[in-house]
Amino acid sequence: MADPRAAAAREPLLRVVNVVKYFHAGVAATVKAVDGVSFEIQPGETVGLVGESGCGKSTLGRLLTQLLPATSGQVIFDGVDLTRLGGEKLRQQRKQLQMIFQDPFASLDPRMTIGDIIAEPLENFGLVTGRQKNARVQELLRVVGLNPYFNNRYPHEFSGGQRQRIGIARALALNPKLIVCDEPVSALDVSIQAQIINLLEDLQREFNLTYIFIAHDLAEPADRVGTPPDRTQG
């Protein structure tokens with residue numbers, strides 16, 4: 001008899017089944033941004049999604065996190081089809097599925113301190129308050145290699161690499177299982193890119209994270225690499 005625990009261990013963390021995303025551009029025009037993509041990711045794996053600009057990589061990343069709804073298909077995360085969820089049920093699933101964005105400045109609210117930025121997901125889910133919140137923020141800043149006492153500073157006071165570390169800290173705040181990294185180093189100086197990649201690899205080992213790396217080339221680490229079809233756009 002097969003060991004059910006072994007079967008469970010082989011169950012993918014994320015299964016994407018024939019996902020499609022079309023945008024309507026005018027009365028008769030339709031942009032096929034993502035057109036029938038399928039793949040699986042095992043827990044702890046790093047999968048690279050590589051392709052040229054406009055091929056649909058970032059759109060697919062937003063479909064996986066349900067920042068965009070799919071036109072059709074399934075996004076099954078940890079056994080739950082996210083495309084069938086809405087409201088509070090989808091919000092609760094998003095705790096385990098986070099995203100690091102390409103532009104480390106545009107993704108941070110310039111009116112908020114970095115402490116408030118990192119604490120925002122914790123407050124949204126009511127996980128910490130008061131001193132607990134401040135302690136958690138400082139812990140996350142340490143984890144990503146920043147001074148924990150900089151939590152009262154604003155994004156413009158940091159370099160691009162430091163701002164991306166802040167974005168990584170925010171993504172880690174809810175202890176997610178999977179992080180979608182949407183070209184996380186493409187906007188950084190070459191001298192800083194390796195530091196951020198090394199940080200992400202260290203965090204993966206420490207917190208048993210699963211990554212999807214969206215990239216233009218094969219320079220970023222991955223266990224497997226996929227390429228969207230050239231017919232897609234966006």
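**Pocket, sheet and confidence**

Biologist: Which helices and strands each supply at least two residues of the largest pocket's lining?

Modeller: In this predicted model, they are α3 (87-94), β6 (97-100), α4 (114-124) and α6 (160-172). Those labels are DSSP runs counted from the N terminus (helices H or I, at least four residues; strands E, at least two). A pocket is an open set of points on a 1 Å grid over the protein atoms alone, where a 1.4 Å probe fits, with protein on both sides within 12 Å along at least five of seven lines; lining residues have an atom within 4 Å of a point.

Biologist: OK, how much space lies in the largest pocket?

Modeller: About 440 Å³, taken as the space filled by probe spheres on the points, which are joined across faces, edges and corners. The lining has 17 residues, and Leu 67, Arg 94, Gln 98, Pro 121 and Arg 170 are the closest to the pocket's centre.

Biologist: Switching topic: what's the strand order in the open sheet?

Modeller: The 4 strands go β2-β1-β4-β5, paired antiparallel. Pairing takes at least two DSSP bridges between two strands.

Biologist: Which strands sit at the edges?

Modeller: β2 (30-41) and β5 (80-81), each pairing on one side only. Helix α2 (residues 57-64) packs on this sheet and touches β1 (14-24), β2 and β4. Touching means contact, with heavy atoms within 4.5 Å.

Biologist: How many bridges hold each pair?

Modeller: β1 and β2 share 9 bridges, β1 and β4 are joined by 5, and β4 (residues 72-77) pairs with β5 over 2.

Biologist: Which residues stand opposite each other?

Modeller: Tyr 22 faces Lys 32 in β2, Leu 14 is opposite Phe 77 in β4, and Ile 76 has Asp 81 of β5 as its bridge partner.

Biologist: And where is confidence lowest or highest?

Modeller: By mean pLDDT (the predictor's confidence per residue, 0 to 100), helix α1 (residues 4-9) is lowest at 48 and α6 highest at 95. The chain averages 86, with 88% of its residues at 70 or more.

Biologist: Which stretches fall under 50?

Modeller: Residues 1-8 stay under 50 and have 0 contacts beyond four places in sequence. Residues 230-234 are also below 50, yet that stretch has 21 contacts beyond near neighbours in sequence. Low pLDDT means the coordinates should not be read in detail.

Definitions and conventions
Residues are numbered from 1 along each chain as its sequence is written. This is a predicted model: local features need pLDDT of at least 70, side-chain atom pairs count only at pLDDT 80 or more; totals for chains, interfaces and linings use all residues. Side-chain values use heavy atoms; hydrogens and water are left out. Axes are lines fitted to C-alpha atoms, for helices over the stretch in contact, and angles run from 0 to 180 degrees between N-to-C directions.
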